[in-house]
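I opened this notebook to keep track of what I looked up, entry by entry. I wanted each note to be something that can be checked against the structure itself.

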Amino acid sequence: MDQNKKTILKNFSPIKILIPVLLGLGATAWLFIKDDKLSDLKGIAEANWWWLAAALLVLVIRDLGYMYRIRSLTDKFLTWRNSLDVIMLWEFASAITPSVVGGTTIATIVLNKEGIPLGKSLAYVMLTAVLDNMFFIIAAPIALLATQGDVFPDFGLSASDVNALKTAFYISYSLIAVYTFVMIYALFVRPRAFKWILLKLTGWKLLRKWRVNAFHHGNEIIWASQQLRGKDFNYWARAVISTIFVWSARYFLLNCLIAAFTDVTFAEHMLIFSRNLIFWIVMLVAITPGGAGIVEMAFPSFFGLFLGRFSNIVVVLYRLITYYPYLILGSVFLPRWVAKVFGRSSVEDEVKV
């Protein structure tokens with residue numbers, strides 16, 4: 001069997017889909033059972049359905065933005081239909097892998113099997129990671145300054161919990177910043193020097209077992225760098241603007257859900273948006289697939305101040321809208337995509353999701 005096909009099927013196995021589902025459902029159930037709050041589920045009847053519809057619309061617009069971005073980054077090599085396949089499978093991979101890992105390996109394979117050479121596939125995936133991380137790096141300080149520290153929640157938390165949360169944020173932010181600037185240096189400044197550094201580091205006895213991987217990764221960086229040279233201003237403008245758009249839409253979706261249950265002022269909208277940014281930077285170091293379980297547990301501390309008794313129902317809706325659909329859609333798109341790019345023989349036997 002094609003090695004890429006093995007990787008796809010291994011990463012998208014039923015057990016890897018089941019784990020985040022069970023973690024998420026378990027954490028959600030605990031939120032309602034621990035304080036005997038099952039009756040809170042009735043709160044859905046009090047929702048403003050226009051705001052709920054707005055949340056769904058924002059979700060669709062966000063995914064269209066992702067499709068536009070990947071199509072633009074590939075210089076329109078991908079059709080809109082192929083862009084839909086790529087984004088759905090990319091989101092699927094992100095949903096079933098830890099946040100700190102993401103779906104980048106799968107995304108590279110998916111792009112490659114859509115007919116994009118490996119070097120370009122690597123370049124596009126690495127570039128999206130750099131663009132996404134740069135959004136966090138620039139937006140987080142703006143959020144901190146704009147909210148004058150209120151961006152860190154203290155609802156239901158002790159002083160030590162708040163300090164631990166701040167520490168987690170600063171560690172996560174620092175790791176993102178270091179990784180991103182190293183990637184920028186490697187991709188756009190000195191790719192061959194970066195490979196040399198990797199080989200030097202893995203020449204040490206303690207790191208020698210990773211030397212082969214370092215060699216391959218160094219080559220990948222060089223290939224990717226070559227593909228991104230010579231891009232014009234319009235290319236980079238589209239890349240930056242579409243990145244700002246998709247992440248803004250991603251965060252504003254929660255604003256819509258909160259506004260569906262409580263009156264929110266403009267200032268509170270800005271605070272919710274800013275807290276969501278900090279929330280996800282902290283969640284980027286989550287070790288569970290898609291942050292399953294951890295998101296549900298941390299959500300009330302960040303946003304319970306705005307929601308009161310609606311906090312649990314909103315976290316359920318938030319995950320139902322932004323997380324579980326991609327598990328379902330991915331399970332639908334995957335068999336068809338595997339059949340398309342690898343051939344239909346034995347696909348039905350090998351992909352049971």
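**Entry 1: helix 11.** I am working with a predicted model, and I began with helix 11, which runs over residues 266-283 and has 18 residues. From its first C-alpha to its last I read 26 Å, which is close to the 26 Å expected at 1.5 Å a residue. I then looked up how much of helix 11 is covered, and I noted that 13 of its 18 residues are buried, so that the helix is mostly covered, where buried means under 20% relative accessible area.

**Entry 2: the whole chain.** I stepped back and noted that the chain has 15 helices and zero strands. Of the 353 residues in the chain, buried residues make up 51%. I also looked at contacts between residues at least 6 apart in sequence, and found that 76% of them join residues at least 24 apart.

**Entry 3: the core.** Which residues have the most contacts inside the largest nonpolar core? I wrote down Ile258, Phe261, Leu277, Phe303 and Val314, in a core of 102 residues. The element that gives the most to this core is helix 6 (residues 118-147), with 14 residues. I followed up phenylalanine 303 and, leaving aside its neighbours within four places in sequence, I listed its contacts as Leu254, Ile258, Ile272, Arg275, Asn276 and Phe279.

**Entry 4: helix 7 against helix 8.** I reminded myself that two packed helices are described by the angle between their axes and the distance between the axes. For helix 7 (residues 159-189) and helix 8 (residues 191-201), the axes come within 6 Å and cross at roughly 125°. Helix 7 and helix 8 are therefore oblique to each other. On the side of helix 7 the contact is made by Val182, Tyr185, Ala186 and Val189, and on the side of helix 8 by Pro191, Ala193 and Phe194. When I sorted this contact by class, I counted seven nonpolar, no polar and no charged residues.

**Entry 5: valine 162.** I stayed with helix 7, where valine 162 is found, and noted that this residue is buried, with a relative accessible area of 12%.

Entry 6: Is glutamate 91 buried or exposed? At 13% relative accessibility I recorded glutamate 91 as buried, and I placed it in helix 4. Leaving aside neighbours within four places in sequence, glutamate 91 is in contact with Arg62, Tyr66, Arg250 and Tyr326.

**Entry 7: the loop between helix 3 and helix 4.** Before reading the backbone angles here, I noted that most residues other than glycine have a negative phi. Aspartate 75, which is not a glycine, has a positive phi of about 55°, and it lies in the loop between helix 3 (49-73) and helix 4 (80-95). Lysine 76 lies in the loop between helix 3 and helix 4 as well, and it has a positive phi of about 65° although it is not a glycine. As for accessibility, aspartate 75 is partly exposed, with a relative accessible area of 42%, whereas lysine 76 is exposed, with a relative accessible area of 59%.

Definitions and conventions
Residues are numbered from 1 along each chain as its sequence is written. This is a predicted model: local features need pLDDT of at least 70, side-chain atom pairs count only at pLDDT 80 or more; totals for chains, interfaces and linings use all residues. Side-chain values use heavy atoms; hydrogens and water are left out. Helices (H or I, at least four residues) and strands (E, at least two) are DSSP runs, numbered from the N terminus. The expected span of a helix is 1.5 Å times one less than its number of residues. Buried means under 20% relative accessible area, exposed over 50%, partly exposed in between (1.4 Å probe, protein chains only). Axes are lines fitted to C-alpha atoms, for helices over the stretch in contact, and angles run from 0 to 180 degrees between N-to-C directions. Angles under 35 degrees count as roughly parallel, over 145 as roughly antiparallel, 65 to 115 as roughly perpendicular and the rest as oblique. Contact means heavy atoms within 4.5 Å. Ala, Val, Leu, Ile, Met, Phe, Trp, Tyr, Cys and Pro count as nonpolar, Asp, Glu, Lys and Arg as charged, and the others, Gly among them, as polar. A nonpolar core is a set of buried Ala, Val, Leu, Ile, Met, Phe, Trp, Tyr and Cys residues joined through side-chain atoms within 4.5 Å.
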